[in-house]
Amino acid sequence: MSIVLLMTPNTYRARPFAQAAKKLGLEVVWGVDVPTELAATSPVPLPLDFRRPDEAARTIVELAARKPVQAVLALDDAASTLAAQAGAALGLPHNDPAAAVAARDKYVMRRALQAGGVRCPRFESFPLEADPAEIAAQVPYPCVLKPLLLNGSRGVIRANTAQEFAAAWARVRAVVRQSVGDSILVEDYLPGGEVAVEGLLTTDGLQVLAIFDKPDPLVGPYFEETIYVTPSRLPPEAQAAIARATAEAARALGLRMGPIHAELRVNDDGPWIIEIAGRSIGGLCSATLRFGPSATSLEDLILRQAAGMTIESFEREHAGRGVMMIPIPAKGLLRGVEGLAEAESVAGIESVEITARMYYPVTPLPEGESYLGFIFAHGDDPARVEAALREAHGKLRFEIEPEIRLEVRGGL
Ligand code: ADP
C-alpha cells in the first residue's frame with residue numbers, strides 16, 4: 001500500500017512529510033504539479049497537472065489500479081481539490097470536493113461561512129474588468145481587497161479611502177493577472193489581534209493542535225506574516241472561543257478530515273474567521289510543533305491519520321515555541337546575508353534558516369510570495385520566545401541590490 005502526496009515543485013512541505021513517512025515505514029508516491037505539455041519529458045514519477053484536476057484524478061485512479069493506494073493527501077492549497085476528487089473516486093476517506101473548493105476559494109468560503117451562520121465581514125466579489133471608480137464609490141471603508149485563489153497575504157491590501165482603493169485595485173488586479181483568477185474580493189476590514197489555529201479534523205471532530213499568537217500588529221496596508229508564537233497568551237476562554245469558531249467554520253465549509261490551518265481576528269466581539277484552509281501550516285513553520293511523549297512531528301500525525309494508524313497524543317509539548325518568517329524588506333537581487341552566527345547565538349534561538357536563493361531576485365509583499373527565511377526559537381515563556389526572535393532578526397543584515405531598470409527610448 002502507498003500514500004500519494006501531492007506537491008508543487010517549490011513547496012517547503014515535502015521534506016518533513018518525506019521524513020515522517022520514512023519513520024513510519026510508509027511508501028510514498030509523489031504526485032508533482034507539472035503542466036501537461038511538459039509531462040512527457042518530466043523526470044517526475046507521477047506528473048500531474050493541478051490545473052486539470054479531472055484528468056489528474058484519473059491518472060491517480062489508473063495508478064491505484066496497478067499499485068494499491070491508501071490515501072491521497074495534498075501538501076499545499078494547490079492540490080486540495082484534486083486530493084478530494086481522487087479520494088472520492090478511489091472510495092477512500094476524503095473531504096467533499098465542494099468543501100475543498102470552499103477552503104481554497106475565498107469568495108466560495110465567505111459564502112459557505114455565511115450560509116452556515118458563521119460570523120463574517122461583509123464581502124463582495126467583483127470581476128477584474130469592473131470599473132474601480134464605481135466600486136470605490138459603493139464599498140465601506142476601511143476595506144480589504146484580495147485575490148480569491150492566492151495565499152501568504154499575496155495581493156491582500158487595505159484601503160481606507162476611495163483614492164487608496166483605486167491604487168490598491170490596480171495592484172491587486174496586476175497580481176491576479178500574473179497568477180490565477182478573474183475576480184477581486186472586497187470585504188470589511190476587521191480590527192483586532194490575530195491568531196493562527198493548527199488542527200486536525202477527525203471522526204471525533206476538530207482536534208486543536210496549536211493556537212499561535214501573531215504579536216506583530218497586522219493593520220495594513222499589507223499583511224506580512226512575521227512572528228508566530230505558541231502557546232497563545234490569550235485567556236483560556238478566548239482560546240476556547242477560537243477553537244469553537246474554527247470548528248464551526250470547518251463544519252460550515254463541509255471539511256471533515258485531515259489537517260486545517262485557520263487565521264482568525266479577535267476583537268471585543270470575539271473571534272472572526274479570516275480564513276480556513278484544508279491543509280497544514282505553510283513554510284517551515286511546522287518545525288515548531290511536537291506532540292506527545294515521543295515529540296512526534298505534525299507530519300507524523302497527519303500521515304498516521306491518513307494511513308489509519310493510531311495517534312499516541314494530540315497534545316503539544318508544554319514549552320513555548322516560535323518562528324519568524326523573515327520578510328523581504330525591498331525588491332532587488334539578494335547579494336548577501338550577514339550576522340547569521342550572532343543571530344543564532346541569541347539565547348533561546350534554535351536555528352536560522354535562510355531559504356531565499358542568493359543572487360536571485362526577491363520581491364516584498366503584496367506582489368511577492370516568499371520569505372528570506374525562518375528563525376526558530378524556544379523557551380519556557382512565550383514572551384521571551386518572541387523577544388528572542390526579534391533580537392535575532394535585529395542581528396541579520398540582508399544586502400539587496402536594487403533592480404536595474406533598462407529603459408529603451410525610441411524603440412530598438
Ligand atoms: P491569504 O490566504 O493570502 O493569507 P487572507 O485572507 O488570509 O489571505 O489574508 C491575509 C491577511 O490579511 C490576514 O492574515 C489578515 O492579517 C489580513 N486580512 C485579510 N482579510 C482581512 C479583513 N477582512 N480584515 C482585516 N484583516 C484582514
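A residue counts as near a molecule or strand if one of its heavy atoms lies within 4 Å of it.

First, the ground rules. This is a predicted model, where local features need pLDDT of at least 70, side-chain atom pairs count only at pLDDT 80 or more, and totals for chains, interfaces and linings use all residues. Numbering runs from 1 along each chain as its sequence is written, and side-chain values use heavy atoms, with hydrogens and water left out.

Now the ligand. Around the ligand sit 20 residues, and K106, K146, L190, E194 and E275 come nearest. Next, polar contacts, meaning pairs of N or O atoms within 3.5 Å. K106 puts a polar side-chain atom 2.7 Å from a ligand oxygen. For R265, a side-chain N or O atom is 3.0 Å from an oxygen atom of the ligand. E187 has a polar side-chain atom 2.9 Å from a nitrogen atom of the ligand.

On to helix packing. Helices are DSSP runs (H or I, at least four residues), numbered from the N terminus. Axes are lines fitted to C-alpha atoms over the stretch in contact, and angles run from 0 to 180 degrees between N-to-C directions.

Take α6, residues 106-115, and α9, residues 236-253. They pack at about 105°, axes 8 Å apart. That makes α6 roughly perpendicular to α9, a label for 65 to 115 degrees. Which residues of α6 and α9 meet? M109, A112 and L113 of α6 meet A249, A252 and L253 of α9, where contact means heavy atoms within 4.5 Å.

Methods
Helices (H or I, at least four residues) and strands (E, at least two) are DSSP runs, numbered from the N terminus. Angles under 35 degrees count as roughly parallel, over 145 as roughly antiparallel, 65 to 115 as roughly perpendicular and the rest as oblique. A polar contact is a pair of N or O atoms within 3.5 Å; within protein, one must be able to donate a hydrogen and the other to accept it, and residues adjacent in sequence count only if both atoms are side-chain atoms.
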